[in-house]
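I want to go through the fold, the cores and the charged pairs in turn.

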Amino acid sequence: MRNLTVAQQMVDILRQAGVERIYGVVGDSLNSVVDAVRRTDGIEWVHVRNEEAGALAAAAEAQLTGKLAVCAGSCGPGNTHLIQGLYDAQRSGAPVLAIASHIPSHQIGTGFFQETHPERLFTECSDYCEMIGTPEQMPRVLRIALQRAVGNSAVSVLVIPGDVAHAQATHPTGTSDLVTERGRVVPPDTQLQALAQKLNEARKVMLFAGAGVRDAHAEVMALAEKTAAPVGHSLRGKEWIQFDNPYDVGMSGLLGYGACYDAMHDADLVVLLGTDFPYNDFLPQAKTVQIDHEVGHLGRRTVLDLGVHGDVRETLRAVLPLVEAKQDRSYLDRMLRKHAKSLETVVGAYTRNVERHIPIHPEYAASVLDELADNDAVFTVDTGMSNVWAARYLTPNGRRRVIGSFLHGTMANALPHAIGVQSAYPGRQVISMSGDGGLGMLMGELLTVKLHELPVKTIVFNNSSLGMVKLEMLVEGLPEYETDHGPVDYAAIARGAGIEAIRIERPEDVTEGLKRALAHDGPVLVDLVTDPNALSIPPHISAGQVKGFAFAAGRTVLDGGVGKMLDLARANLRNIPRP
């Protein structure tokens, strides 16, 4: 006890909680914490170039492992850099602890150098945010923070002045286990009976799945079979429900494709399964049932005929015996045909002159990447057009993962996310689908990849443009402005950082170049020079938006998805069960 500092006590408790790394940038107010990490077996300091990247890396690690991940920022700017990544973590439901060091305690309130008020700064992007002002608060407050993060799948922030971290610990550290296994919410019988009645009375049922169906694939398929229901999904639900799904009608939302929107609006009853889908304009705002384990999510995106408070898997297991099998499958078959047709219509735009078209079709490159990647690869995708290509061309199989800033929508997330995933899974293939806009924003993290020799495969869709912003302007009928920037040779930059790099400018080189990159034993960057005019529109747009698109004459504008999803849609037409 005599030589135990508060910082060392903190690190010891993190090790008890299973934490193996802390992402951050060293700084004077963090020195005691960093030194404690140095002296403690089983935990390392992952030096990043920006604290924002550290928070994003922790968020990705937590999402992939389901375990607590930790990041840290020194006082003042180190703290404020954390905020972007912590917003992403909080909105994604990632259990993350952020250690926000503070100026010397006796200087707080004096306008001291680098003074901020971190206990106020982080309130909105965290579930728990408290300051340790005396050694006597340890280890109790830290354990509360850890349990809140793990228990609520949320961000906890622990603010600690540098002098307090360096002070001698007062209380013994002791031991205490975190409660990491959460109970399952089962709806009350009244809600189950009401749900069964709704399902039985409706002639045309449509299921819309979000990330809450993660462990309920079999149950959703069983309900779709009984109710002859087409199954659509949100972007976050795609990886959990689209594979082995003979009822798939695609995705709704701004990046959507297929017949999902039409199926939803033609249904007598839409059942939202574990989704907090934010784009209410895509929802019918009527004839809707929602099942969610978070009672606060019920009804906040759409008016409900019925809200059901329960875990999706447990709810469906309980209600399935009460559901009557529907004999009329005409609605399901019609939507499956419409889905296949909607994908067929864009094959021309995808394949026309693909081996001669320069710059490269980005959707072609994404489909080749999908074909070559490992069956358990983890893709991290940048916000923007990279998100579109991932949503439409990556094929889920139950083992692959796709991580992105799907709720916060921050740029530059892909590479930091990849750092977190690769740190946690050093032997797994991790592919960062980076836009050139996103990579340019946090390009310093290439140095992090090299420093730690993380075998991340960074695929840069380099169109010298902020493609999604350009698309938004076109939708609104505005002339594009300040969306393009000068061409950059990212392969040359990567080589300057000591990273293996490949630049691909011709479509005939895509397959071989990506094969080489994915086979390389170490970090590698692929600079794909892609067509800046390849844009994509959602499956449903208003008359005003169509008018805006009139200004996009001459551009390659895609209105759906292709690749393996078309094969799946065709197979579903052949394999759909008949009465």
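Before looking at any pairing, I note the rule I am using: two strands count as paired if DSSP finds at least two bridges between them. I also keep in mind that this is a predicted model.

**Entry: confidence and overall make-up**

I checked confidence before anything else. The protein chain averages a pLDDT of 90, and 88% of the residues score at least 70. The stretch I flagged is 544–561, where the pLDDT is below 50, although the model still gives it 46 contacts beyond near neighbours in sequence.

For the inventory, I get 24 helices and 21 strands in the protein chain. The chain has 579 residues, and 57% of them count as buried. I also looked at contacts between residues at least 6 apart in sequence: 74% of these join residues at least 24 apart.

In what order do the six strands of the open sheet run? I read it as 2-1-3-4-6-5, with parallel pairing. Strand 2 (44–47) and strand 5 (128–131) each have a single partner strand, so they are the edges and one side of each has no neighbour in the sheet. On average, neighbouring strands here are turned by 20 degrees against each other, direction ignored.

Then I zoomed in on one pair. Strand 4 (residues 96–102) runs parallel to strand 6 (residues 155–161), with seven bridges between them. Within that pairing, I find Ala100 opposite Val159 of strand 6. Helix 6 (residues 140–151) packs on this sheet and touches strand 4, strand 5 and strand 6. I get about 160 degrees between the direction of helix 6 and that of strand 6.

**Entry: nonpolar cores**

Next I went after the greasy parts. In soluble globular proteins, nonpolar side chains tend to be buried together. The largest nonpolar core here has 50 residues, and the members touching the most others are Met206, Leu207, Val220 and Leu273.

**Entry: salt bridges**

How many salt bridges does a search of the whole structure find? I get 25.

I picked out Arg21 and Glu61, whose side chains meet at 3.2 Å, N to O. Arg21 sits in strand 1 (residues 21–24) and Glu61 in helix 3 (residues 51–65), so this pair ties together parts 40 residues apart in sequence. Are these two buried or exposed? Arg21 has 7% relative accessibility and counts as buried, because the cut-off for buried is under 20%. Glu61 also comes out at 7% and is buried.

Another one I noted is Arg400 with Asp370, where the closest N and O atoms are 2.6 Å apart. Arg400 lies in the loop between helix 16 (385–393) and strand 15 (401–404), while Asp370 is in helix 15 (residues 362–372), so the link spans 30 residues of sequence. Arg400 is buried at 6% relative accessible area, and Asp370 is buried at 2%.

Glu505 and Arg503 make a salt bridge with closest N and O atoms 2.8 Å apart. Here Glu505 is partly exposed at 41%, and Arg503 is partly exposed at 31%. I also found a network built from salt bridges that share partners, joining Arg184, Asp215, Glu219, Asp311, Arg313, Glu314 and Arg317.

**Entry: helix 17**

Why do I call helix 17 (residues 414–424) largely enclosed by the rest of the structure? Because 10 of its 11 residues are buried. The buried set includes His417 and Gln422 along with Leu415, Ile419 and Val421.

**Entry: Leu304**

Last stop was a loop residue. Leu304 is in the loop between strand 12 (288–292) and strand 13 (306–309), and at 26% relative accessibility Leu304 counts as partly exposed. Beyond its neighbours within four places in sequence, Leu304 contacts Thr288, Val289, Gln290, Leu298 and Gly299. I also looked up Gln285, 19 residues away along the chain: its C-alpha atom is 7.7 Å from that of Leu304.

How values were computed. Residues numbered from 1 in each chain as written. Predicted model: local features only at pLDDT ≥ 70, side-chain atom pairs only at ≥ 80, totals over all residues. Heavy atoms only, no water. Helix = DSSP H or I, 4+ residues; strand = E, 2+ residues; numbered from the N terminus. Axes fitted to C-alpha atoms, helices over the stretch in contact; angles between N-to-C directions. Contact = heavy atoms within 4.5 Å. Core = buried A, V, L, I, M, F, W, Y, C linked by side-chain atoms within 4.5 Å. Buried < 20%, exposed > 50% of the residue type's maximum accessible area, 1.4 Å probe, protein only. Salt bridge = Lys/Arg side-chain N within 4 Å of Asp/Glu carboxyl O. pLDDT = per-residue confidence, 0-100.
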